[in-house]
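I opened this model to look up a few residues, the cores and the ligand site. My entries follow in the order in which I made them.

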Amino acid sequence: KNGVVIIGAGHGGVQAAASLREEGYDGRIVLIGDEAELPYHKPPLSKTFIKDPAAQPQILRAEAFFAGASIELALGERVASLDPAAGRVTLASGTDLPFDKAVLATGSRPRTLTFEGGPLGGVLSLRSIADARLIRDLAAQVEDVVVLGGGFIGLEIAATLAAGGRNVTVVEAQDRLLARAVAPAISAHVAQRLSEAGVRILLQTMVGQLEGENGHVSAVVTSTGERVAARMLIVGIGVTPSTELAEAAGITIANGIRVDQQMRSSAPDVLAIGDCASYRHWLTGEDVRLESVQNATDQARLAARTITGHADAYSAVPWFWSDIGDMKLQMVGLTARSDSQVVSGEPADNRFSVFHFRGGRLAGIESVNRPADHMLGRKMMGAGFSPDAKSVAEGADALKAAFA
Ligand code: FAD
């Protein structure tokens, strides 16, 4: 038996290895990751790590866990190619590893742009602990920061650096923040509070050109012609799934490595999970590729079930969180195609939720500092329960009573 090779030692890969042992898998498990250090939590990087010189990475599992579970770690090793028919991966260092099953958990990487006036130092994006260290070191030396992209990671970074006393401008091409992810009411609220926290927000604006001094960025010129001082430009305009290994191996790609309800790719012995995988979602029937810790870890658990001979279909409720300054945003469900919304609570109190409905059924909830709504939403959606708009509008007690 050649065992399981897991490619990518992030949130999904580590959970897949752990879950295989929990499911009783007793073959060889090799977890390969191209980052040299022990696998760590990504969410704190943009929320706390970059403003705290003393912060250490928060590891996902201690070294003793991997040793105790007989999970072989190959860290600092990049997989260069995958041969599904032969059941073999080849590392960039030249070593071949045979497998019975391979799990692709390669994640995604930040989309980049080439700017007129570039390339220049000080233009960074955030995905890894190595990126976070670069941002932290530079942030400690500079005053003016521009964040390109008003998505979750960009706004988390903007809030974190503004709280650390930096002069931060967010440049967003759409007419509102978080446009792809949340309801307009949440976008407006986040924009208002970030502005109050001293973050300048430029909507319907792009970065046109960079100016530099001695090879380092000194300013950006926006599409509206304004010159904004910037000793650091953080590019947070989304990610691309890391699919190149699968693609080169002839595996089907459709906005990510295409997988079925058991996380199997088009190659029978190769599974894919997390940010790199796309699939038809049980909740909406739509094809999605989700980027969240929940998605990566729940798919990892399911992949381990598939490998150990079970046939359950993916049915986890999708959820996500983001901390932007003093706002804890929590999202449950899939709300992109909702057709009506009901607001519960008061934006003025910095505590409210937007309930999304589609065809009269609950599609998801977006909460700001209302964790109880989020947790109830997860329970309701897991149970297939949909409240009526009236009990939502009446408030938390009516909602709980309706669900009980
Ligand atoms: P990853 O965790 O990215 O792991 C993939 C690993 O594979 C990486 O280490 C990569 O280097 C490695 N790899 C890729 N190719 C190869 C190869 N060929 N050989 C070897 N190794 C390879 N999600 C939330 O739900 N809530 C949050 O608040 C949140 N905040 C975030 C903040 C930041 C700054 C970032 C970057 C992400 C955040 N996310 C958050 C998203 C979440 O971290 C990802 O969805 C999650 O990490 C996906 O897990 P994954 O296993 O698919 O990929």
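**Ser195.** I looked up Ser195 and found it in helix α6; helices (H or I, at least four residues) and strands (E, at least two) are DSSP runs, numbered from the N terminus. Ser195 counts as exposed, because 12 C-beta neighbours lie inside 10 Å. For that term I use these cut-offs: a residue is buried if 20 or more other C-beta atoms lie within 10 Å of its own, exposed if 12 or fewer, and partly exposed in between, with C-beta atoms placed from the backbone. I also took the C-alpha separation of Ser195 and Ala159, which is 9.8 Å for 36 residues along the chain.

**Model and numbering.** This is a predicted model, in which local features need pLDDT of at least 70, side-chain atom pairs count only at pLDDT 80 or more, and totals for chains, interfaces and linings use all residues. Residues are numbered from 1 along each chain as its sequence is written. The protein averages a pLDDT of 97, and 100% of the residues score at least 70; pLDDT is the predictor's confidence in each residue, from 0 to 100. For the complex I noted an ipTM of 0.99 and a pTM of 0.97 from the predictor.

**Domains.** I listed domain 1 (4–36 + 56–108 + 241–307), domain 2 (112–235) and domain 3 (326–403). These bounds come from an automatic or database domain assignment. Taken over C-alpha atoms, the centres of domain 1 and domain 2 are 32 Å apart.

**Ligand shell.** How many residues surround the ligand? I get 36, and the closest are Gly8, Gly10, Gly12, Gly107 and Gly274. A residue is near a molecule if its C-beta atom, placed from the backbone, lies within 6 Å of it. Two or more shell residues come from each of α1 (11–22), β2 (29–33), α2 (43–47), α8 (293–307) and β22 (319–324). Sorted by class, the shell has 15 nonpolar, 14 polar and seven charged residues. Here Ala, Val, Leu, Ile, Met, Phe, Trp, Tyr, Cys and Pro count as nonpolar, Asp, Glu, Lys and Arg as charged, and the others, Gly among them, as polar. Domain 1 and domain 2 both give residues to the shell, so the ligand lies between them.

**Cores.** I looked next at the nonpolar cores, each a set of buried Ala, Val, Leu, Ile, Met, Phe, Trp, Tyr and Cys residues joined through C-beta atoms within 7 Å. The largest has 66 residues, and Val146, Val147, Leu155, Ala158, Val190, Leu233 and Ile234 have the most contacts inside it. Helix α5 (residues 152–163) gives the largest share of this core, eight residues. Domain 2 and domain 3 both contribute to this core, so it lies between them. Another core lies apart from it, with 48 residues, among them Val5, Ala16, Ala246 and Ala272.

I then listed what Leu155 touches: Gly150, Val170, Leu177, Val190, Leu194 and Ile324, not counting residues up to four places away in sequence. Contact means C-beta atoms, placed from the backbone, within 7 Å.

**Backbone geometry.** Which residues does the cis peptide bond join? The bond joins Gly118 and Pro119, with omega about -5°. Pro119 lies in the loop between β8 (108–110) and β9 (123–124).

Ser70, a residue other than glycine, has a positive phi near 50°. I placed Ser70 in the loop between α3 (63–68) and β3 (71–75). Ser70 is exposed, with 12 other C-beta atoms within 10 Å.

The phi of Leu178 is also positive, near 50°. Is Leu178 buried or exposed? Leu178 is buried, because 23 other C-beta atoms lie within 10 Å. Its place is the loop between β11 (167–171) and α6 (184–196).

**Arg231.** I found Arg231 in the loop between β15 (227–229) and β16 (232–235). Arg231 counts as buried, with 21 C-beta neighbours inside 10 Å. Leaving out residues up to four places away in sequence, Arg231 touches Gly122, Val142, Glu143, Asp144, Val217 and Ser218.

**Phe403.** Phe403 is in helix α11 (residues 396–403). Phe403 is partly exposed, with 15 other C-beta atoms within 10 Å. Its contacts, not counting residues up to four places away in sequence, are Leu376, Met380, Phe385 and Pro387.

Methods. Two residues are in contact if their C-beta atoms, placed from the backbone, lie within 7 Å.
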